[in-house]
Protein chains: 2
Amino acid sequence: MSKERLYLFDTTLRDGQQTQGVQFSLEDKYEIAQALDDLGIDYIEGGWPGANPTDSEFFDKAPEMRNATFLAFGMTKRAGRSAANDEVLAGVVNAGTPAVCLVGKSHDFHVTTALGVTLDENVAAIADSLSHLVGLGREAMYDAEHFFDGYKANPEYALACLHAALEAGARWVVLCDTNGGTLPAEIYAITKAVIDSGVPGDRLGIHTHNDTGNAVAGSLAAIDAGARQVQGTLNGLGERCGNANLITLIPTLLLKEPYASRFETGISRDGLARLTRVSRMMDDVLNRVPFRSAPYVGASAFAHKAGLHASAMLKDPSTYEHIDPALVGNARIIPMSNQAGQSNLRKRLADAGIEVAKGDPALGRILDLVKARESAGYSYDTAQASFEILARRELGQLPSFFRIDRYRVVVERRKNRLGETISLSEAVVVLWIGDEKRLSVSESLDPSGSDRGPVNALSRALAKDLGPLQPYIEDMKLVDFKVRITNGGTEAVTRVIIDSEDSAGRRWSTVGVSANIVDASFEALLEAVQWKLLRDGAPAA
Amino acid sequence: MSKERLYLFDTTLRDGQQTQGVQFSLEDKYEIAQALDDLGIDYIEGGWPGANPTDSEFFDKAPEMRNATFLAFGMTKRAGRSAANDEVLAGVVNAGTPAVCLVGKSHDFHVTTALGVTLDENVAAIADSLSHLVGLGREAMYDAEHFFDGYKANPEYALACLHAALEAGARWVVLCDTNGGTLPAEIYAITKAVIDSGVPGDRLGIHTHNDTGNAVAGSLAAIDAGARQVQGTLNGLGERCGNANLITLIPTLLLKEPYASRFETGISRDGLARLTRVSRMMDDVLNRVPFRSAPYVGASAFAHKAGLHASAMLKDPSTYEHIDPALVGNARIIPMSNQAGQSNLRKRLADAGIEVAKGDPALGRILDLVKARESAGYSYDTAQASFEILARRELGQLPSFFRIDRYRVVVERRKNRLGETISLSEAVVVLWIGDEKRLSVSESLDPSGSDRGPVNALSRALAKDLGPLQPYIEDMKLVDFKVRITNGGTEAVTRVIIDSEDSAGRRWSTVGVSANIVDASFEALLEAVQWKLLRDGAPAA
């Protein structure tokens, strides 16, 4: 049986750009457009030509699309002139994109108060604007702003706006829940009423916002009712609480019933398997820490903590996983924690390449150690590499690469020769490799002369000269640093988690705990280096 | 017309504790339970007595509830013994809570493979366990694990499990979508079928997970179908992608139709207006950066960025806001609206005893400064004392008590005379009071000889000898210290918040920001001392 075609429309570069604190550079826009096209998205909205210099420049040299249709966004013609003579609309048309989406009013109240025109004049403006686009050979879409509120206030008028656009030749009309307040059940009912009024489902799109946490569900409800184009953004970017998250919608539509059997999209299985990477790319562009619990692609999305769950997982992964994580390019994690049992522990050790026989008394000792250290503030379910080091030490499988003799960090704020106040840190690390003593010193200034602080200086000094071990750690870098005070008040203990990365793309986390934040950091840094040496088979001293 | 009662069930302390990286301390558990009770939640699940030392200790001294019913979680009796003779179940019962929720199987496949008992034996175990609780006078709930998958595999059997629990006297049976894979439309249909089978809606609960981004929508679907208890967690904490977010569900149920007219809950309008604060409290406990785009309570949830939107907002807020943000304790942000900003600012200054005339140009300068510094990582909402110092400096109302010349902190780890590894910090602060130079030095060891770290040493050195100012700061002490990395990655900036207290019981918070954590701490310490001198009228030098 042939499947129905469902179209995916991305507005990361237009609506996603409305996210508070987000300002895409030109390079960002090219990178995102490229990733969307590679993924297999049908429509990519690039922005509003003329709205700001970056958008204008982006359309002047539009990205080349392999699969997707590139769109410009604008608004229907203003009152008192024809579509052909509206210079704002002309700016959008002149961007020369194969498709154009125009937003217009469909709520009677907004037409009369915000636009200050009659209801009929607005319908005529929609028709004139859309047929102008069609006359120029463009694929035209009408984005019906405030559609759901408009429909509730005056259904006949809201529908009249849609039909005017369709009769003018619009390929699609899109129902936009502009303020994000419409709940899924209502989206279903109204979308159904729209189709019953004669709007074909394969010319109908849905555009939701996440103000009630239901943007994804609202999109699905519209698809259930018959809409065949769905709009959203990468990672749910967008004004206020964001738009529908395409990264969440795509696997649901491709992998879950009733959608998987019913629809085909432009996204292949290979594209789907790159989804986690596309989501990370978006975070990288924004320099954001990825949201761990994001559906499908989050680092925790397939992490199983409860002891009860972890042992069932080992028997049958489908018990606690609704899909296979590999399908979206993600991976299963069975972390350590005080909830975990021995079966969980053995699985975790096996993942790290450590085989321990069932019933080995070392398992009990490791579990007790993990529990004791977690109650002292350590957190091994985030710091897998530290867990591995702890286990290997307990099992007598941790080679001694080097021994720390001492370290010293000096942090100071003082006036420099120019009389400016500066802060600066300097770290000395003294260690032994076999019977050879090595002293390294580093300071905390980056190439621009900014102070990066004591942990940075210490990290550099530690990794500066490990003699014969140096080639093994040359490509490793510190990529994230998290601090948490685990007990409030003066008896506070500081937990530091350090994420490291190497040129092979491996990423690992280590933990340190101390009342002294510098010492906690040093512990985590040390284990990060140890793990890298261990993993790459560096020689013991 | 009287409203139907809808019950809210919080499982932050049990299922929320399954969040990767989350480990509640005993103090955390009391603080969260208190906040939930104050909010008006009906049921608060405290954990699983016996599962780990913290949970056991928590139940040994259970928090006192003003409104809520406190619950322990456990599982139905194991095979081969009676409910009365199951020591795991006894551990749960012995916690002595007024209500108990027991998880049990309802999916035929899991019964035979995971439990290894017959289908009838499992039904009998459910009945025996629940009637055991009822016999002891407890309010009993049955949590049907994997219910939706179980129903799809064998509807008769899944329903038989529910009915066995009800007939045994369970107050509630709860449909649990354990692996989070059931979509809202299916949750609606199956919940409806459950009610059609004779389970009364007012004895039926729903427990969803967010693996497809639909936990909130799935909960609403079950309520639409007739369920009258809804389970979730604060900020959607929970294993993998989390549970249904109560912070999102509550305002939808209280403010939006069809729910607002139809239901009453235990949450008052006052409780609802504290919702944003409750969400922040949860983030504070976990030392997490609040999620800006969280529905209803996020800092961006009512932020209007688009020029088009912002000007429409000024005409009529309902255009782009589906609810009034004040109802949930949140606030509107309109970047261009300086007017609203200035009146807020005057109110805040007046709170600090600083009167500034309306229209004073200093107001605009202070607003700009706060904005610039907040985008650099400062947070003046939490650090009111630092805000006051910033405003007074800009208004020329900040006396100069002393001037810092320089400081230096040395942190070291080395062997002591006994060959033990120790860590130690030493701080030197040099400052001027008038034309008198003062050098102070302190170390980080507490009376027991434990290292309290560099910030502790610095704090002691700064407060050690302020000459004529010393009597003013003698009674002040550092009571809390919070660290947050405000930008992930290597370009991370550290924000330090320090809470101080004096013998008059005053408590104040100051903030410092720097890539250098010691320098950020020094800035916050310095402002803590300045505020105390200011407040107690110390003489300027």
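1. Helix α5 (residues 119-135) and helix α7 (residues 155-167) of chain B pack at an angle of about 25 degrees, their axes lying 8 Å apart. Axes here are lines fitted to C-alpha atoms, for helices over the stretch in contact, and angles run from 0 to 180 degrees between N-to-C directions. The angle makes α5(B) roughly parallel to α7(B) (angles under 35 degrees count as roughly parallel). The contact involves L119(B), V123(B), I126(B), A127(B) and L130(B) of α5(B), and Y157(B), A160(B), C161(B), A164(B), A165(B) and E167(B) of α7(B); two residues are in contact if their C-beta atoms, placed from the backbone, lie within 7 Å.

2. This is a predicted model, in which local features need pLDDT of at least 70, side-chain atom pairs count only at pLDDT 80 or more, and totals for chains, interfaces and linings use all residues. Residues are numbered from 1 along each chain as its sequence is written, while chains are lettered from A and ligands numbered from 1 in the order in which they are written. Helices (H or I, at least four residues) and strands (E, at least two) are DSSP runs, numbered from the N terminus.

3. In chain A, helix α8 (residues 184-196) packs with helix α9 (residues 215-225) at about 30 degrees, with 8 Å between their axes. Accordingly, α8(A) is roughly parallel to α9(A). Among the residues that meet are I187(A) and Y188(A) of α8(A), and A221(A) and A222(A) of α9(A).

4. Chain A also has an open sheet of three strands in the order β14-β15-β16, with antiparallel pairing; two strands pair if DSSP finds at least two bridges between them. Strands β14 (477-485) and β16 (507-514) of chain A are at the edges with a single partner strand each, so one side of each has no neighbour in the sheet. Neighbouring strands are turned by 20 degrees against each other on average, direction ignored.

5. Eight bridges join β15(A) (residues 494-501) to β16(A), and R495(A) stands opposite V513(A) in β16(A). Helix α20 (residues 517-535) of chain A lies across β14, β15 and β16 of chain A, at about 145 degrees to β16(A).

6. The twelve residues of helix α13 (residues 275-286) of chain B should span 16 Å at 1.5 Å a residue, and the end C-alpha atoms are 17 Å apart, which agrees (the expected span is 1.5 Å times one less than the number of residues). Its buried residues, including L275(B) and M282(B) (buried: 20 or more other C-beta atoms within 10 Å of the residue's own, C-beta atoms being placed from the backbone), pack against α1 (26-39), α10 (246-255) and α12 (269-273) of chain B. Just after α13(B), N287(B) takes a positive phi of about 50 degrees.

Conventions
A residue is buried if 20 or more other C-beta atoms lie within 10 Å of its own, exposed if 12 or fewer, and partly exposed in between; C-beta atoms are placed from the backbone. Angles under 35 degrees count as roughly parallel, over 145 as roughly antiparallel, 65 to 115 as roughly perpendicular and the rest as oblique.
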